[in-house]
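Open the structure in your viewer and keep the selection tool at hand. The stops below say what to select next and what is there.

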Amino acid sequence: TKIRQLFEDGSISHFIGYEAGSDSLRVTPCFLKSGQATSRLVWNPLCANNLSKYLLDFKKVEGKVGIMVKGCDSRSVVELLKENQIDRDKVFIVGVPCSGIVDTEKLLAVLGISPGDVIGVEDYGDCFLVTIKDGGEDILGHRLDYRSVRVGKEKVLRGECLACKYPTPVIYDVLLGEAISSLPWANDDYRQVKELESLSAEEKERYWKEELSKCIRCYACRNICPVCNCPECIFDKKAPRWLSKANDVSENLVYHLIRAFHVAGRCIDCGECERACPMNIPLRSLNKKVEKDIKELFNYTAGVDVEQQPPLTTYQ
């Protein structure tokens, strides 16, 4: 209703949100040009995409672009504003407090079911209420078409959600729902990083060689990242050529290290790179290590304050 009203009063000309996907475990980005289609919009624990990346494609449209953002997405918007990639006056931000997004692979593993068995997933406070197909009978012999199962959030949340410190958007024009100050399961941001730091140099080398040998250099991590927004990426340049087309561990290492340095002080840990990776490489661990160093060296957290200048572009 609120989004339809924004279209009707001329506050926005386009809107970027979420809609149901091709199956009950899939939600996809949704792009609207009028309030007549707002019935397509959804908000639920499956809305994983960081939509802020799409703002870069709407810079030349007439009027304001509305966008739905979670806490992590809003921090990406802050970074885009800092880098003058978007104009604040041309963006209408609809914030939605988020108490966690479901990792569908974890969910299926915990319940021991296939994707086709799931009918829906709802937020139910400290757990998710999952409706699944049943096919059995109750004690009276009545056929059961479906049943609901409660699953503790800590078992099935995405990794970045388990470390989330900003469940409510840090920037918005209107907030839908009540603000959430903190999440009870938010753990040490750098637990996995510290585990990797404790390894010997030889063990670290072995670990990353094994992980990066899986990389197929599809660039999905770069393409989905909101702060990877150069008009022409250095990895696409032919002169000078920074990488060969050979897909081996040494070339993959160069690619991932350069990308990690390029997003240093800008990455907000939305987890999109890791979610998009078809080879399940733990890219968050690499980016979180750089984030940890930035925080310790400069006491800086990306995407929190529009006025605070990024440390790697500020000389002091």
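Which residues are linked with K289 in a network of salt bridges? Select E197, K292, D293 and E296 together with K289: these residues make up the network. Keep in mind that this is a predicted model.

**Confidence first**

Colour the chain by pLDDT. The protein chain averages 92, and 97% of the residues score at least 70. Strand 3 has the highest mean among the elements, at 98. Strand 7, residues 146-152, has the lowest, at 91. Where pLDDT is low, predicted coordinates should not be read in detail.

**Salt bridges**

The whole structure holds 20 salt bridges. Select R40 and E19 for another one. Here the side chains meet at 3.1 Å, N to O. This pair links distant parts of the chain, 21 residues apart. R40 lies in the loop between strand 2 and strand 3, while E19 belongs to strand 1, residues 14-20. R40 has a relative accessible area of 36%, so it is partly exposed. E19 has 19%; buried means under 20%, so E19 is buried.

Now select R266 and E83. How many residues apart are they in the chain? The answer is 183. R266 is in the loop between helix 8 and helix 9 (272-276). E83 is in the loop between helix 2 (71-82) and strand 4 (91-95). The closest N and O atoms of this salt bridge are 2.6 Å apart. R266 is buried, with a relative accessible area of 17%. E83, at 23% relative accessibility, counts as partly exposed.

**Aromatic pairs**

Switch to the rings. The whole structure has 7 aromatic pairs. Select F31 and F58. Their ring centres are 6.0 Å apart and their planes meet at 20°. Planes under 30 degrees apart count as stacked, so this pair is stacked. F31 sits in strand 2, residues 27-32. F58 is in the loop between strand 2 and strand 3 (65-69). The two are 27 residues apart, and the pair links distant parts of the chain. F31 is partly exposed, with a relative accessible area of 36%, whereas F58 is buried at 14%.

Next, select Y219 and Y255. Their ring centres lie 5.1 Å apart with the planes at 55°, so the pair is tilted. Y219 is in the loop between helix 6 (201-212) and helix 7 (220-224). Y255 is in helix 8, residues 249-262. The pair links distant parts of the chain, 36 residues apart. Both tyrosines are buried.

Stay on Y219 and show R222. What sits over the ring of Y219? The charged end of R222 does, 4.6 Å from the ring centre.

**Nonpolar cores**

In soluble globular proteins, nonpolar side chains tend to be buried together. The largest nonpolar core here has 57 residues. Which residues have the most contacts inside it? They are F15 and V121.

Select F15 and show its surroundings. Leaving out residues up to four places away in sequence, F15 touches I3, F7, C30, F31, L32, L41, G66, I67, M68 and V94. Another core lies apart from the largest one. That core has 25 residues, among them L196, A264, I281 and L283.

**Last stop: T131**

Select T131 in strand 6, residues 127-133. T131 counts as buried because its relative accessibility is 12%. Which residues is T131 in contact with, leaving aside neighbours within four places in sequence? Show D117, V118, I119, G120, Y146, R147 and S148.

Technical notes
Residues are numbered from 1 along each chain as its sequence is written. This is a predicted model: local features need pLDDT of at least 70, side-chain atom pairs count only at pLDDT 80 or more; totals for chains, interfaces and linings use all residues. Side-chain values use heavy atoms; hydrogens and water are left out. Rings of Phe, Tyr and Trp (its six-membered ring) pair if their centres lie within 6.5 Å; planes under 30 degrees apart count as stacked, over 60 as edge-to-face and the rest as tilted. Helices (H or I, at least four residues) and strands (E, at least two) are DSSP runs, numbered from the N terminus. Buried means under 20% relative accessible area, exposed over 50%, partly exposed in between (1.4 Å probe, protein chains only). A charge sits over a ring if NZ of Lys or CZ of Arg is within 6 Å of the ring centre and within 35 degrees of the ring normal. pLDDT is the predictor's confidence in each residue, from 0 to 100. A nonpolar core is a set of buried Ala, Val, Leu, Ile, Met, Phe, Trp, Tyr and Cys residues joined through side-chain atoms within 4.5 Å. Contact means heavy atoms within 4.5 Å. A salt bridge is a side-chain nitrogen of Lys or Arg within 4 Å of a carboxyl oxygen of Asp or Glu.
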